Number of protein chains: 4
Amino acid sequence: MAIGRESLENVFKISNPKWRTSITKVEPNSIITRGYSQEDLIGNVSFSEMVYLLIKGEMPSKKESKMLGSVLVSFCDHGVTPPSTQAARMIASAGSPVHACIAGGLLAFGKNHAGAIERSMKAFQEFIQRSDLEEDIYNNAKNFVDGYLKKGSKIPGFGHRYHSEDPRAARLIDMAKKHGCIGPHTRLAMAVQEILLEMKDIKMNIDGANAGILSDMGFDWRTGTGIFMIGRLPGLISHVYEEKVREPDFRKFFDVEEIYYDGMEERKVSYIHDLKRTMD
Amino acid sequence: MAIGRESLENVFKISNPKWRTSITKVEPNSIITRGYSQEDLIGNVSFSEMVYLLIKGEMPSKKESKMLGSVLVSFCDHGVTPPSTQAARMIASAGSPVHACIAGGLLAFGKNHAGAIERSMKAFQEFIQRSDLEEDIYNNAKNFVDGYLKKGSKIPGFGHRYHSEDPRAARLIDMAKKHGCIGPHTRLAMAVQEILLEMKDIKMNIDGANAGILSDMGFDWRTGTGIFMIGRLPGLISHVYEEKVREPDFRKFFDVEEIYYDGMEERKVSYIHDLKRTMD
Amino acid sequence: MAIGRESLENVFKISNPKWRTSITKVEPNSIITRGYSQEDLIGNVSFSEMVYLLIKGEMPSKKESKMLGSVLVSFCDHGVTPPSTQAARMIASAGSPVHACIAGGLLAFGKNHAGAIERSMKAFQEFIQRSDLEEDIYNNAKNFVDGYLKKGSKIPGFGHRYHSEDPRAARLIDMAKKHGCIGPHTRLAMAVQEILLEMKDIKMNIDGANAGILSDMGFDWRTGTGIFMIGRLPGLISHVYEEKVREPDFRKFFDVEEIYYDGMEERKVSYIHDLKRTMD
Amino acid sequence: MAIGRESLENVFKISNPKWRTSITKVEPNSIITRGYSQEDLIGNVSFSEMVYLLIKGEMPSKKESKMLGSVLVSFCDHGVTPPSTQAARMIASAGSPVHACIAGGLLAFGKNHAGAIERSMKAFQEFIQRSDLEEDIYNNAKNFVDGYLKKGSKIPGFGHRYHSEDPRAARLIDMAKKHGCIGPHTRLAMAVQEILLEMKDIKMNIDGANAGILSDMGFDWRTGTGIFMIGRLPGLISHVYEEKVREPDFRKFFDVEEIYYDGMEERKVSYIHDLKRTMD
């Protein structure tokens, strides 16, 4: 069968797209994101509303937008204590451009540093999904805690290596109460805290509080690290900027005296080579 | 001189700090950022205010905070057209964790992709600093444009590879007028646009508009890429999430037919080795 | 107790090292790696021997060094088909410096792209560790394959998305035979191939061959991705260099026609806001 | 005009390739790199020869391959002193996968840490290109040094922050003599050292030696950082592995006592907000 060139080109275009996306449609002089033209979004939605819209695909109510704003603010900065901040500043000191410093900092958002928020959201969401919500919340929380105790593993979202009482957690719960954003996940988190406080004098941390709140707002646990990164990015950028404008280039972060070598004593390549080659 | 161990330890602590920061002070159960306790910040400032506070070190006025919110929203997403978004989704398809996908995406914020905002801010700031602001703005803009024409180089902040009229730019200028955030840098940008429109039918793009506005708000040009990254991060995260939940693992982004090899024809290692070794 | 400042400083230095390493000892004008001075290593060991020494902590025999050389060469390049190479070139086109392009490329070494070598090494090593090596190898391989069939999961190290017969695998096995580097892991890989060929017409790929060989050479499976990265890095660098010197800046890797938007149709922020706010 | 579908598809394939590469041609069951089949390369070339082939596009002579091997070995490791190594280990401690740790480490190869090799190669290559090589080398070196003294800037490739005499540099020059790899660039480096030694007691470092040697071998200065990365990658991998197997997860790299806050004293959001809003 022979067909016209133009119509065939159209067939090719439509039938074989490389990319499919439901986020933004780009056409000449028009950018539509989640169904809204960007001219309409600029000035009409706050940045928190934009974050919500991008990740959840729909516009938040005013209360949800305020709540997400509080969550994002709570992740803002923890000084120079986190490895992400230290790595970003080291890379800045080594003379890399800002975007490379930030990328390097974010690479430290590994499972030990930033993983707790997603682990906590996943645990809450999976537990709530299979729980009888008519059941007493305290009993549910008891089962939740027992599961971890049996495995002997740490409960994500509780305890902090710098704070015996994470000052952000209680404040976040207060905001959730104020904005009516408390549902079964946050209630579970609060009941777990009650149990752990009595058992081990351990309190909820920022990850536990946000995991409950974000879950009650309907965020999939797979978006947890992303939301943490959004909240922390402005802090990382201010640290990279501070390093670049206030500190000397290529400074030594550790003294040689802080390094301890416990490897092999000195030997000669030729001696070892002779030994090894007799093996061949 | 002999001294007590404890007092000496204190001397060591104070006299030899490894890190100096003016951003956040972390003490047990207390986190103070830019002079505000984080409990006080959570719920009392919007996320845009937090961004402003972290980067500039001080709290914005209400109008400044709204203006920065509009700037951040304007950077939100450009679909799957930018190399940063494509790289992030490729890395997601390859099975890396979210933070690694985002880091990889940000690494594409190179001078050709995200560099225009800083180049534009730098150009505006340096030009305004050495300009006589009593002088007619149109004459100043003429000099600004002439400088680029003489060098034969592109003026950063004007023209766009997808849009003949970037829909975000005009809207941002409108918001700047509304919030009283227009100063000499934005006025320069507007006058430059007037000249370029007549000469070459080229309009201001999002970078030119934001470069003028951010400069008038007092942001150092070195923070431009950082602010772009803050605005774009939620979009990148939604793309990585979309890739992970909607697309097959390790999909082929290009067909083999789209690849063209124009290197050496086949030859034998042994033949070349024999030739080369006669040279030694 | 009062003590002299100098002796106390020494106490501090020795008792509180921040870093412990067995790899390299750096002292003024002296660098000792794995027990050899670097002056002694330069010129006396090949780069493959150096790789072996760094990762295993000891010098290889001549045969082991040749074998590792073959393994590293086998990982060298796969054109522009892998997402790591595509991402690195995209980041180069966006104008980032070489080290950022390479970092971005390596970030695509996720579990779907580069993960098979470690999964394969882990599977072989764990299986061999708990196997009776006196047992017939074919029976062992049968059990190995059955384990995967029961779970319905793919056997790492077998099959390739571009090659029905990966040309590198057979050659690597030949080299292993030649250098006497075949042990129980490689024998297992070969027997698994025999079974899969008959059952499903699937052959061993580069990962399966190298997983067997590296395991027989005593490399911990946790070093597999690292060894792959060492072998692939020169290829990635030549691609980034090629992109930078031969292609235009910021080229479009995809046409707009290749993008398909299936998100929300256009609506107005104001309308949605009004709807939502009645919910608060 | 109407044409057959098949022939049109062929037109599309040939006329619109997305990727062009001269490095590797991938076809089913065939991988040709720089004109050699990979089966032919595996076992017939050393890894150093492969590096040379990939980056320069042609096979080295035996002497060139030994020389490049020495260069790569010389970059192998510098303990835990470089920021790249520290960043990679921090990211490992934070629980990121190996490829993310390595990417983060490489991001610290910024202009202050790894930039000297390229700056030095560029300076040598540009100077030699415009020099009269019949002229006395010492006079040429004098002009080279004077250029830097006039600008008051550091000469890349000379001096080291840990070693007054970099033990690798002299050894590399010896190997270059042995392999007949000394040409005008290395001679320039040696003459510059002579001058600097007398003037400032400063010696050539590893970057200066390798810059001369690689330039004499015909490597474009833009490949310098890449070659450094190839040489250093095995060391980085052994550090990440050491961190993961020997050190506790998420260890604190700095004590809180090593951190000094010099930012704003505490104040109240509400007080500042009230002040600021009167400005609007």
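Axes are lines fitted to C-alpha atoms, for helices over the stretch in contact, and angles between N-to-C directions run from 0 to 180 degrees. The structure is a predicted model, in which local features need pLDDT of at least 70 and side-chain atom pairs count only at pLDDT 80 or more, whereas totals for chains, interfaces and linings use all residues. Residues are numbered from 1 along each chain as its sequence is written, chains are lettered from A in the order in which they are written, and side-chain values use heavy atoms, with hydrogens and water left out.

In chain C, the axes of helix α7 (residues 115-129) and helix α12 (residues 224-246) come within 8 Å and cross at roughly 140°; helices are DSSP runs of H or I with at least four residues, numbered from the N terminus. α7(C) and α12(C) are therefore oblique to each other, in a scheme where angles under 35 degrees count as roughly parallel, over 145 as roughly antiparallel, 65 to 115 as roughly perpendicular and the rest as oblique. The crossing of α7(C) past α12(C) is right-handed, the near helix being turned clockwise from the far one by less than a right angle. I117(C), E118(C) and M121(C) of α7(C) meet G224(C), T225(C) and F228(C) of α12(C), contact meaning heavy atoms within 4.5 Å. By class, this contact has 3 nonpolar, 2 polar and 1 charged residues; Ala, Val, Leu, Ile, Met, Phe, Trp, Tyr, Cys and Pro count as nonpolar, Asp, Glu, Lys and Arg as charged, and the others, Gly among them, as polar.

In chain B, helix α7 (residues 115-129) and helix α11 (residues 206-216) have axes that come within 8 Å and cross at roughly 50°. α7(B) and α11(B) are therefore oblique to each other, and α7(B) passes α11(B) in a right-handed crossing. Residues of this contact include I117(B), M121(B) and F124(B) of α7(B) and A211(B) and L214(B) of α11(B). The contact residues divide into 6 nonpolar, 6 polar and 1 charged.

In chain D, the axes of helix α5 (residues 83-93) and helix α6 (residues 98-106) come within 7 Å and cross at roughly 150°, which makes α5(D) roughly antiparallel to α6(D). The crossing is right-handed. S84(D), A87(D), A88(D), I91(D) and A92(D) of α5(D) meet A100(D), C101(D), G104(D) and G105(D) of α6(D), a set comprising 6 nonpolar, 3 polar and no charged residues.

Between chains A and B, 83 residues of chain A contact 83 residues of chain B. The buried area is about 7,300 Å², of which carbon and sulfur atoms give 68%; buried area is the accessible area (1.4 Å probe) that two parts lose on being put together, summed over both. For chains C and D, the buried area is about 7,300 Å², and 83 residues of chain C contact 83 residues of chain D.

Over all chains, 56 salt bridges are found, each a side-chain nitrogen of Lys or Arg within 4 Å of a carboxyl oxygen of Asp or Glu. Chains A and B share 4 salt bridges. E258(A) forms a salt bridge with K18(B), with the closest N and O atoms 2.8 Å apart. Within chain A, R89(A) and E243(A) meet in a salt bridge (2.8 Å, N to O). R89(A) lies in helix α5 (residues 83-93) and E243(A) in helix α12 (residues 224-246) of chain A, so the pair ties together parts that are 154 residues apart in sequence.

Methods: Helices (H or I, at least four residues) and strands (E, at least two) are DSSP runs, numbered from the N terminus.
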